[in-house]
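These are my notebook entries on one structure.

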Amino acid sequence: MPEWQVEHGIGESRALLVDGEEILAAKLRWPGDLPVGTPVSAALSSKPAGRSRGLARMDNGIELLVDRIPARFTEGARLPLVVTRAAIAERGRFKRAQARVIEESDPGRSVQANDVFALGDTVRQLPSGAWEDIWDAASSGEVPFAGGALLFSVTPAMTLIDIDGDLPPRELAVAAAPAIARWLRLFDLGGSIGIDFPTLQAKADRRAVDEALAAALDGWPHERTAMNGFGFVQIVARLEGPSLLHRFATARVGAAARMALRRAERVEGPGMTLLRIHPALAAKLKDEWLRELERRTARPVRIETDPGLAIHAATAQIVPHDE
């Protein structure tokens with residue numbers, strides 16, 4: 001039976017849905033995230049006259065968009081809220097978290113009710129190589145499959161998936177369907193998703209791709225269009241927060257810094273941890289993160305920067321104390 005395994009790392013928590021040796025889905029959370037289902041309290045800071053939507057501000061300054069505000073609440077009122085969508089950073093803009101008012105007859109949803117990070121099985125380390133494979137794929141935005149590759153691009157309007165390969169168009173499109181379904185789950189993608197399949201002139205060929213995609217996406221809640229004459233399919237799924245692709249699109253250096261710490265935590269042996277990173281990562285490594293790394297490994301840590309390293313190519317090794 002599939003089960004969620006959770007690894008609480010330094011600066012982030014990671015979760016994988018594991019079924020035997022197969023990885024079915026992945027999720028990522030950073031400190032400060034307000035996941036769907038989180039109950040919060042905030043003061044109504046703005047509500048245009050005649051409208052039921054407004055802004056509420058939490059005590060820590062975080063603002064949320066609130067829908068369907070009952071008429072009895074006016075600006076300054078304290079609102080009991082439940083988060084319905086986490087905040088999402090995009091290129092050039094920031095989408096605030098969304099929430100709704102919890103009525104007395106509707107206690108809302110506790111974050112513990114469906115939060116894999118609260119209910120999953122906490123493990124010291126996720127299955128070997130599994131998180132690294134997903135992380136590398138999200139970093140590059142490219143995923144190979146038999147006969148081709150999927151190319152993911154995050155835009156403010158939607159996430160686009162392009163299909164490239166050497167197979168005949170119909171075979172390539174059909175072969176891509178299960179890979180698309182798999183990586184939608186592994187990247188934790190939601191919202192509007194556009195898929196650019198090879199152009200197929202024959203209706204029978206387009207129908208075959210639609211059927212292959214329907215079978216691959218069975219059990220994953222969504223709506224989608226049929227393939228049009230240009231090979232385009234649009235999928236709409238519930239958007240609960242930033243996907244792994246969105247993290248890299250808007251916070252690549254922060255994601256790479258967290259992976260550098262993970263690599264440093266994984267090396268074993270006596271001595272000192274030597275972490276070599278690109279200079280851009282140095283500013284992202286918080287002092288409390290480095291202290292936590294030393295606590296977890298029971299080793300001192302030395303940081304060396306190398307501008308010749310790629311952002312994502314941090315290395316960690318054990319060296320003698322006097323090296």
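I began with the term pocket: on a 1 Å grid over the protein atoms alone, a pocket is an open set of points with protein on both sides within 12 Å along at least five of seven lines, whereas a cavity is a set of points where a 1.4 Å probe fits but cannot get out; lining residues have an atom within 4 Å of a point. Grid points are joined across faces, edges and corners, and a volume is the space filled by probe spheres set on the points.

I note that this is a predicted model, in which local features need pLDDT of at least 70 and side-chain atom pairs count only at pLDDT 80 or more, while totals for chains, interfaces and linings use all residues. Residues are numbered from 1 along each chain as its sequence is written, and side-chain values use heavy atoms, with hydrogens and water left out.

I looked up the second largest pocket and found a volume of about 330 Å³. It is lined by 18 residues, of which Asp33, Ala87, Ile88, Phe94 and Arg247 are the closest to its centre. Helix 6 gives the largest share of this lining, four residues; strand 8 (88-90) also supplies at least two. Helices (H or I, at least four residues) and strands (E, at least two) are DSSP runs, numbered from the N terminus. I sorted the lining of the second largest pocket into eleven nonpolar, three polar and four charged residues. Here Ala, Val, Leu, Ile, Met, Phe, Trp, Tyr, Cys and Pro count as nonpolar, Asp, Glu, Lys and Arg as charged, and the others, Gly among them, as polar.

The largest pocket has a volume of about 870 Å³. Of its 31 lining residues, Trp4, Lys27, Asp188, Arg238 and Glu240 are the closest to the centre. Strand 3 (22-29), helix 2 (116-119) and helix 4 each give two or more residues to this lining, and strand 3 has the largest share, six. I sorted the lining of the largest pocket into 18 nonpolar, three polar and ten charged residues.

My search of the whole structure found one cavity of 30 Å³ or more. The largest cavity has a volume of about 50 Å³. Among the residues that line it are Glu12, Trp30, Trp131 and Arg247. Helix 6 (244-266) and helix 3 (130-140) are the elements that give two or more residues to this lining.

Just after helix 4, Asp188 takes a positive phi of about 55°.

Entry 4, strands. Strands pair if DSSP finds at least two bridges between them. Strand 13 (residues 148-154) runs antiparallel to strand 12 (residues 142-145), with four bridges, and antiparallel to strand 14 (residues 159-165), with seven. Pro144 stands opposite Ala149, and Ser153 has Leu160 as its bridge partner. A hairpin of four residues joins strand 13 to strand 14.
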